[in-house]
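Trainee: Please put the model on the screen, and I will ask about the fold and a few residues.

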Amino acid sequence: NHIVCEVADNGIGREASAKLQIQKAKKLHRSTGVHLISDRLATLNEYYKDKLSVSITDLFESGKPAGTKVLVHIPIIEKNTINQES
């Protein structure tokens, strides 16, 4: 009853990335992706009664950062259900 969208990358992971940003002491680029997705999910959850969710997991291989995985859970909603809620 849900669609699950999985996005995974094999980068250095969020923790290691944050450490690099501190070491560089530069804030030339500020990532807004997670913030924008959170805002959109909050808006959709107001409309659909808290049915969408996102989870972010840091991946590790042999104890070392090996990337990040993001899961977005989207409920399957029938057209008739949407029309009745409007």
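**Reading the predicted model**

Mentor: The mean pLDDT of the protein chain is 78, and 77% of its residues reach 70 or more; pLDDT is the predictor's confidence in each residue, from 0 to 100. This is a predicted model, in which local features need pLDDT of at least 70, side-chain atom pairs count only at pLDDT 80 or more, and totals for chains, interfaces and linings use all residues. Residues are numbered from 1 along each chain as its sequence is written, and side-chain values use heavy atoms, with hydrogens and water left out.

Trainee: In what order do the elements of the protein chain run from the N terminus on?

Mentor: Helices (H or I, at least four residues) and strands (E, at least two) are DSSP runs, numbered from the N terminus. On that basis the protein chain has three helices and three strands. Their order from the N terminus is β-α-α-β-β-α.

Trainee: Which of the elements has the lowest mean pLDDT?

Mentor: Mean pLDDT is highest, at 90, in β1. At the other end, with a mean of 57, is helix α3 (residues 79-85).

Trainee: What is the order of the strands in the sheet?

Mentor: Two strands pair if DSSP finds at least two bridges between them. The three strands form an open sheet with antiparallel pairing, in the order β1-β3-β2. The edge strands, each pairing on one side only, are β1 (2-9) and β2 (53-61). Neighbouring strands of this sheet are turned against each other, direction ignored, by an average of 20 degrees.

Trainee: Is Thr68 buried or exposed?

Mentor: Buried means under 20% relative accessible area, exposed over 50%, and partly exposed in between (1.4 Å probe, protein chains only). Thr68 lies in strand β3. Contact means heavy atoms within 4.5 Å, and, not counting residues up to four places away in sequence, Thr68 touches Val7, Ala8, Asp9, Gly13, Arg14, Ile56, Thr57, Asp58 and Leu59. Its relative accessible area is 10%, so Thr68 is buried.

Trainee: What is the relative accessibility of Lys69?

Mentor: Lys69 is also in strand β3. Leaving aside neighbours within four places in sequence, Lys69 is in contact with Glu6, Val7, Ala8, Ser55, Ile56, Thr57 and Leu59. Lys69 counts as partly exposed because its relative accessibility is 25%.

Trainee: By how many Å are the C-alpha atoms of Lys69 and Glu6 separated?

Mentor: Lys69 and Glu6 are 63 residues apart along the chain. Their C-alpha atoms are separated by 7.0 Å.

Trainee: Where is Ser62, and what is its phi?

Mentor: Ser62 sits in the loop between β2 and β3, and the hairpin of these strands has two residues between them. With a relative accessible area of 75%, Ser62 is exposed. Its phi is positive, in a residue other than glycine, and lies near 55 degrees.

Trainee: What is the relative accessible area of Lys64?

Mentor: Lys64 has its place in strand β3. The C-alpha atoms of Lys64 and Ile12, 52 residues apart along the chain, are separated by 8.7 Å. Lys64 is exposed, because its relative accessible area is 60%.

Trainee: For the protein chain, what part of the 86 residues is buried?

Mentor: Accessible areas come from the Shrake-Rupley method with a 1.4 Å probe, and for residues only the protein chains shown count as cover. The accessible surface of the protein chain is about 7,300 Å², with 55% belonging to carbon and sulfur atoms. Of the 86 residues, the buried part is 10%.

Terms used:
Axes fitted to C-alpha atoms, helices over the stretch in contact; angles between N-to-C directions.
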